[in-house]
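Please look through the structure below with the sequence beside it, and keep both in view while you read. The report is written for a reader who is meeting such a model for the first time.

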Amino acid sequence: MADARISLPQDIRRGEPFEVRISIRHAMETGYRTDETGKPVPRNVVNRLLCRYGGEDVFVVRMTSGIAANPYFRFFVTARESGSLDFEWVDDAGNRGQAQAQVKVA
Amino acid sequence: MLRTIAICAMLGAATSHAQDRALATDQLRSGIEFSGADVRAMQADDLANPGFLWVDRGETLWRADAPGGSCASCHGDAKSSMRGVAARYPLFDAGHKTVIDLDERINDCRQGRQHEQALPRESEDLLALSAYVAHQSRGLPTSVRIDGPAQPAFDRGRTLYLQRHGQMNLSCAQCHEQNWGKRLYAETISQGHGSGFPAYRLEWQKLGSLQRRIRACFFGIRAEAPQPGAQELTDLELYLAWRAQGLPIEAPGVRR
């Protein structure tokens, strides 16, 4: 399930950095666990998260099994123009997710 | 003579208040107060709190179409219609002739009204719906009824709570009433309130129900845990809710 929560500050000013926060619902299976019958559960983690601002890549993460379930990121982006912040991610099983937030530059 | 009367009066008072709680309302401390600053900060921030991923999902499911209509088609906006509902559960239900919890009520609605399959206990969707409904009562005091038809379930719950279980031969009360605030290895023993549930437990790396948490306690004392959805667990949930009467609902809470 590709659910995510994004938070942006209310007040974003041109030329100044603003805080972006995202949390993604994902079990982040490490590949080290077994199920109730003792069979290993294959690794399935979100391995890549990309954030674009006005079409340009501003934040990219490569993740491995060391990241806990429901990964949460907080980073800063410098405000330029009003536009959309587009997130895309993909896990080991090939499931893709995306989320979007609108940036309103004052 | 006067002393005898005084003692009799005290005995009378003791029996008429047989249901006095071990912890007075002003002594009640939510589970979050026994957590570290990092866990408290996580719960306090609605974006950092991963439980809200389930609340969001629950909101989507609330509006999702079903053969008998969506949740919203009967109940409207959950923000007003579901406000305070979770604080009253577990609640006596005439159809079941006993006390049921919120998950059971949701499944009742799904089967009876929405003509849908019941959702399995601890399934993502049931947790999402119960988290969404419970969240509407955040900040409201727990206020369950233990009188009238709910009394037998309450009495069974109290018996379970006070009874010793398992290889460790421990009762719930021995930890959560007599030794709360003390350390058990690296953990501080809480008062055992369920006001934060369904809660995101860091150990689970996901949201879980109060029943799951209670089952973990059974495991901890090396006792055989009742199956998910068992009446014993609902009875225990009712007793716990009564112990926590007045404590604000925190759902979705964050716990270690």
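**Confidence in the model**

This is a predicted model, and its overall scores are ipTM 0.90 and pTM 0.90. Chain B has an average pLDDT of 92, with 93% of its residues scoring at least 70. Where in chain B is confidence lowest, and where is it highest? The lowest value belongs to helix H1 (residues 2-16) of chain B, with a mean of 44, while helix H7 (residues 124-135) of chain B has the highest, at 98. Over residues 4-18 of chain B the pLDDT stays under 50, and for this stretch the model has zero contacts beyond four places in sequence.

**Chain A and its sheet**

Chain A contains seven strands and zero helices, and its C-alpha trace spans about 55 × 20 × 20 Å along its principal axes. Of the 106 residues in chain A, 19% are buried. When contacts in chain A between residues at least 6 apart in sequence are considered, 55% of them join residues at least 24 apart.

Four strands of chain A form an open sheet, in the order E4-E3-E6-E7, with antiparallel pairing. Strand E4 (56-62) and strand E7 (96-103) of chain A are the edge strands, each of them pairing on one side only. On average, and with direction ignored, neighbouring strands of this sheet are turned by 15° against each other. Within the sheet, strand E3 (residues 46-53) and strand E6 (residues 83-91) of chain A pair in the antiparallel sense over seven bridges, and A:Leu50 has A:Glu88 in E6(A) as its bridge partner.

Is A:Gln98 buried or exposed? A:Gln98 counts as exposed because it has 12 C-beta neighbours inside 10 Å, and a residue is exposed if that number is 12 or fewer. A:Gln98 and A:Cys51 stand 47 residues apart in sequence, and their C-alpha atoms are 9.7 Å apart in space.

**Where the chains meet**

Nine residues of chain B are in contact with 10 residues of chain A. On the side of chain B that touches chain A, the largest share, four residues, comes from helix H3 (residues 51-62) of chain B. Sorted by class, this side of chain B has five nonpolar, one polar and three charged residues.

**Two helices of chain B**

Two packed helices are described by the angle between their axes and the distance between the axes. In chain B, the axes of helix H8 (residues 151-162) and H11(B) come within 7 Å and cross at roughly 90°. H8(B) is therefore roughly perpendicular to H11(B), as angles of 65 to 115 degrees count as roughly perpendicular. Among the residues that meet here are B:Phe154, B:Leu160 and B:Tyr161 in H8(B), together with B:Leu236, B:Tyr239 and B:Trp242 in H11(B). The residues of this contact of H8(B) with H11(B) divide into eight nonpolar, one polar and four charged.

| Residues joined | Omega |
|---|---|
| B:Phe197 and B:Pro198 | about 0° |
| B:Ala251 and B:Pro252 | about -5° |

B:Pro198 lies in the loop between strand E4 (187-188) and strand E5 (199-201) of chain B, whereas B:Pro252 lies in the loop between helix H11 (231-243) and strand E7 (253-255) of chain B.

A positive phi is found at A:Asn70, of about 55°, although this residue is not a glycine, and B:Tyr185, which is not a glycine either, has a positive phi of about 50°. A:Asn70 is placed in the loop between E4 and strand E5 (72-78) of chain A, and B:Tyr185 in the loop between strand E3 (183-184) and E4 of chain B. Why does A:Asn70 count as buried? The reason is that A:Asn70 has 23 C-beta neighbours inside 10 Å, and the cut-off for a buried residue is 20 or more. B:Tyr185, by contrast, counts as exposed because it has 4 C-beta neighbours inside 10 Å.

Notes: Residues numbered from 1 in each chain as written. Chains lettered and ligands numbered in written order. Predicted model: local features only at pLDDT ≥ 70, side-chain atom pairs only at ≥ 80, totals over all residues. Pairing = 2+ DSSP bridges. Axes fitted to C-alpha atoms, helices over the stretch in contact; angles between N-to-C directions. Contact = placed C-beta atoms within 7 Å. Nonpolar A, V, L, I, M, F, W, Y, C, P; charged D, E, K, R; others polar. pLDDT = per-residue confidence, 0-100. Parallel < 35°, antiparallel > 145°, perpendicular 65-115°, else oblique.
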